Amino acid sequence: MYSNLDKTKIGAGLSDLDELARQKTYIEEAKDLVAKIAEEKGSPLTCHVATFGCQMNARDSEKLLGILIEAGYQPVETEDADLVVYNTCTVRDNANQKVYGRLGVLNGKKKKNPLMKIALCGCMTQEPSAVEKIKTSYPFVDLIFGTHNIFTFAELLCKMLKADKRIESIWQDTTQIVEDLPIERKFKYKTGVNIMFGCNNFCSYCIVPYVRGRERSRAPEEIIEEIKKQVADGVIEVMLLGQNVNSYGKNLDNPISFAELLRRVEEIEGLQRIRFMTSHPKDLSDELIEVMKHSKKICRHLHLPLQSGSTRILKAMNRKYTKEQYLELALKIRREIPDIAITTDIIVGFPGETKEDIDETLDVIRKVKYDNAFTFQYSKRTGTPAAAMENQCSAEFVKEQFDRVLSEVQLNARNQVALWEGKIMDALVEEMNEHDSTLVTGRLSNNTIVHFPGDESLIGKIVPVRLCACKGFYYIGELV
Ligand code: SAH
Ligand code: SF4
Ligand code: F3S
């Protein structure tokens, strides 16, 4: 199904550095084009980038916004802008539906602003059926491009600004990694860093390997260099990003383990906190546990997606571990690093799943005592092996079982989070509280949120906070 993409290019044939230089010339061209249109308009052009989906997409959006700002666009908070970019997600059907719904609203805005352009990128655009739907039902979209050629955004932007027809550029895959283009970070003091792209795991329910392509790791030197630059620019917390960080580095010319990469990142002076996302249980090594245990900078949080607690379902999901192996791993981590928070992802309603399978999932939740868990109803993704399975669950069954899982998750998470009540812990202050301007919102090393009295001067600082009262999933605290 994925062989019929409109453009089956796998890269322009240039080296990564030559491609980088080429894109920089397009940024210069975009500056001229934007300045000219702004002059006609009589005010600067505005832009808005909306992100759907995961941290990988959030990081990509920072890259898109960096190029737009460099080109002369002014970012605005609302979608009343001269350019709106939707960076889409397709991991579950509701992610797609959200985009379709909002595109309808955008059309109304476009009718009122003749200058307005709409661009669509991200994982949805790597699905031929979604692109077909957009072209027929949402013909007012001006630019469609995919995940593999996101680094050609400046080039595509120029094409779009010069053309009076829709521009479309979607690659089937790529081997190129073009970094070092302008980036606009959402937070001054923290950021994501891509350490790898794509995924080779092909869990049978998941569309990510089809829309993000094969696994490619960045060279450790480049990652370290990027983080050093960010630290010099005020970053104190990084999140290393990949679909399966535990297999990082295995396919590099000079292979290196993820644990070794962490050791090297830890050495970066001025960097205070390190997070990473996501860990596949099948590849989590003892070396990683060892490095985490002795680290001063790696946060006390591990996201370890379970998906299902039933060995039978895990096999059908192609997850490559059993319930017992998962439990052994999670409990070993709890033993070795007692103050760690473990969070997870769970899918309810995979084809053929029974009440007994869900009982197994509940059993794992009780034993691991997750600090938090994202619970999803299984969503059928066309082209994945699970979509072709005959024994799909009924919506009624899924709803019922979902509620069982959710209440077990909530019960355990409440108890787990409350364990630290009364203790003093360091929090990185992220922002002013959204609802109460006398409070700031901080994040503990274990990823729990704490709200406490404070002002703007604290933002971006790590401060000790007493966790006075646990309110379920967050704390109310006070500065000490
Ligand atoms: N690479 C990460 C997950 C990325 S997708 C990992 O392997 O852990 C994030 C989560 O979305 C997954 O962990 C899974 O729980 C959920 N998910 C993926 N495909 C799904 C589907 N078809 N239906 C429901 N949930 C899904
Ligand atoms: Fe999807 Fe599995 Fe890859 Fe995660 S590891 S992105 S769930 S295929
Ligand atoms: Fe969604 Fe793509 Fe991330 S499908 S979850 S945005 S990798």
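Predicted model: local features only at pLDDT ≥ 70, side-chain atom pairs only at ≥ 80, totals over all residues.

I count a residue as buried when its relative accessible area is under 20%.

**Helix 1**

I started with helix 1 (residues 16-41) and checked its length. At 1.5 Å a residue, its 26 residues should span 38 Å, and the end C-alpha atoms are 37 Å apart, so the two agree. Next I looked up which of its residues are buried: Glu19, Leu20, Gln23, Ile27, Ala30, Leu33, Val34, Ile37 and Ala38. An α-helix has 3.6 residues a turn, so residues three or four places apart point the same way. What covers the buried residues of helix 1? Helix 2 (55-71) and helix 5 (153-162) are among the covering elements.

Then I traced an open sheet of six strands, paired parallel, in the order 2-1-3-4-5-6. Strand 2 (74-75) and strand 6 (167-169) stand at its edges with a single partner strand each, so one side of each has no neighbour in the sheet. I also looked at one pairing inside it: strand 4 (residues 117-122) and strand 5 (residues 143-145) run parallel and share two bridges. Leucine 120 has isoleucine 144 in strand 5 as its bridge partner.

**Strand 7**

Is strand 7 (residues 190-194) mostly covered or mostly open? Mostly covered, with five of its five residues buried. Strand 7 runs parallel to strand 10 (residues 237-241), and five bridges join them. For asparagine 194, I found leucine 241 as the bridge partner in strand 10.

On to the ligand shells. Around ligand 3 I listed Gly53, Cys54, Asn57, Cys89, Thr90, Val91, Cys123, Arg212 and Gln243. By class, that shell splits into four nonpolar, four polar and one charged. Cysteine 123 has a relative accessible area of 10%, so I logged it as buried.

Around ligand 2 I listed Cys199, Asn201, Phe202, Cys203, Tyr205, Cys206, Val208, Pro209, Gln243, His280 and Arg319. Here the classes come to seven nonpolar, three polar and one charged. Cysteine 206 is buried too, at a relative accessible area of 15%.

With cysteines on my mind, I looked up the disulfides, using a cut-off of 2.5 Å between sulfur atoms. The count is zero.

Last stop was strand 15 (residues 424-432). Strand 15 pairs antiparallel with strand 16 (residues 439-444) over five bridges, and the two make a hairpin with six residues between them. Leucine 428 sits opposite arginine 443 in strand 16. Five bridges also join strand 15 to strand 18, again antiparallel, and there aspartate 426 stands opposite proline 464.

Strand 18 (residues 462-470) holds cysteine 468, so I looked at its accessibility: a relative accessible area of 35% makes cysteine 468 partly exposed. Which residues does cysteine 468 contact, leaving aside neighbours within four places in sequence? Those are Glu421, Ile476, Gly477 and Glu478. I also checked tryptophan 420: it is 48 residues from cysteine 468 in sequence and 9.2 Å from it in space, C-alpha to C-alpha.

Definitions and conventions: Residues numbered from 1 in each chain as written. Chains lettered and ligands numbered in written order. Heavy atoms only, no water. Near = heavy atom within 4 Å. Nonpolar A, V, L, I, M, F, W, Y, C, P; charged D, E, K, R; others polar. Buried < 20%, exposed > 50% of the residue type's maximum accessible area, 1.4 Å probe, protein only. Helix = DSSP H or I, 4+ residues; strand = E, 2+ residues; numbered from the N terminus. Pairing = 2+ DSSP bridges. Expected span 1.5 Å × (residues − 1). Contact = heavy atoms within 4.5 Å.
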